[in-house]
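Hello,

Here is the structure I promised to hand over.

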Amino acid sequence: MNQTGTEFIRRTYYEQLTPSDQSQGLPSPALESPYVGAGPVIHLPKPDHLKPPSVLLENTIAGRRSIRRFSPAPLTLEEMTWLLWCTQGVQQVLPLATIRTVPSAGARHPLDTYVLLNHVKGLSNGLYRYIALEHAVAPIRLDAKIGLQIQEACLGQDMVSRAALGFFWVADVYRSAWRYSERAWRYVFLDAGHVCQNLYLGAAPLECGVCAIAAFDDEKLNSVLEIDGENRFAVYAAVVGKLPAR
Ligand SMILES: Cc1cc2nc3c(=O)[nH]c(=O)nc-3n(C[C@H](O)[C@H](O)[C@H](O)COP(=O)(O)O)c2cc1C
């Protein structure tokens, strides 16, 4: 949606429902939460350099299933980048919004992506942040225990440490609430659904399987992701790995 479109919808519908900080003239929060790790930032291949094989959308939709068993094969950096791009890739930066590969209420995009790397060629295992505005990843924690701690937070689901990659979507709710007030509590979850669906679709040409995860212990997952659980909290997750040999 272009800025004119989002402004139109804001003025026409939402401000009649509830006054927001935006309507009262408060400044917008940053379009992405700041990265607070120790670095270094790893810039990813540009989206137009990613060439996943072509697949028919009709086959992808008809064949989509949740996959919980994977081959031990690693993903490449390009494959990981493709999946990050499909789920949160920034195509345009506007003064009060970002236009991305997924829709978001008012293009506010209140989600930040954390990725657990268990098996990506050329990168150390650990927890990273995808910095969407820079199209880069940066480490949060690279110690060997992080995969099992996240698995434990996901109620012991062992696919978390067996999959090549895990995605953890964290809502920074004020990015949406600044414009939509309490309706943001609905929108962050709707936005997350779009993101995970694009992960399922984007994984198909890579011959990867995906399984969504929402069965997790909120406190444990927020704690291991090093977020406060109030202003920023995990809303949804998924794992990705190569399909097992048939
Ligand atoms: C919101 C949501 C949460 C889910 N959480 C989990 C989960 O924690 N663990 C899991 O194994 N599957 C999870 N799933 C996957 C569902 O079990 C799966 O989509 C369902 O069984 C239908 O299978 P299909 O995706 O292959 O069509 C979740 C799916 C959704 C949409």
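Helix α3 (residues 77–88) packs against helix α7 (residues 184–203) at an angle of about 145°, and their axes lie 8 Å apart. Here helices (H or I, at least four residues) and strands (E, at least two) are DSSP runs numbered from the N terminus; axes are lines fitted to C-alpha atoms, for helices over the stretch in contact, and angles run from 0 to 180 degrees between N-to-C directions. The crossing of α3 with α7 is right-handed, a term for the near helix being turned clockwise from the far one by less than a right angle. On the α3 side, the contact involves Trp82, Leu83, Cys86, Thr87 and Gln88, which meet Val195, Asn198, Leu199, Gly202 and Ala203 of α7; contact puts the C-beta atoms, placed from the backbone, within 7 Å. By class, six of these residues are nonpolar, four polar and none charged. Nonpolar covers Ala, Val, Leu, Ile, Met, Phe, Trp, Tyr, Cys and Pro, charged covers Asp, Glu, Lys and Arg, and the others, Gly among them, are polar.

A word on conventions: this is a predicted model, in which local features need pLDDT of at least 70 and side-chain atom pairs count only at pLDDT 80 or more, while totals for chains, interfaces and linings use all residues. Residues are numbered from 1 along each chain as its sequence is written.

Now the sheet. Seven strands make an open, antiparallel sheet in the order β1-β6-β5-β4-β7-β9-β8, where pairing needs at least two DSSP bridges between two strands. At its edges are β1 (42–43) and β8 (208–213), each pairing on one side only. Two bridges link β1 with β6 (residues 136–141), and His43 has Ala136 in β6 as its bridge partner. Helix α3 also packs on this sheet, touching β4 (111–117), β5 (126–131), β7 (165–172) and β9 (232–242), and its direction makes about 160° with that of β4.

Elsewhere, β2 (residues 90–94) and β3 (residues 97–100) pair antiparallel over four bridges. They form a hairpin with two residues between them, and Leu94 stands opposite Ala97 in β3.

There is a ligand too: around it are Arg65, Ser66, Arg68, Gln157, Cys211, Ala212, Ile213, Ala214 and Ala215, near meaning a C-beta atom, placed from the backbone, within 6 Å. That shell has five nonpolar, two polar and two charged residues.

Overall, the chain holds eight helices and nine strands, and its C-alpha trace spans about 55 × 40 × 30 Å along the principal axes.

Best wishes

Conventions. Contact = placed C-beta atoms within 7 Å.
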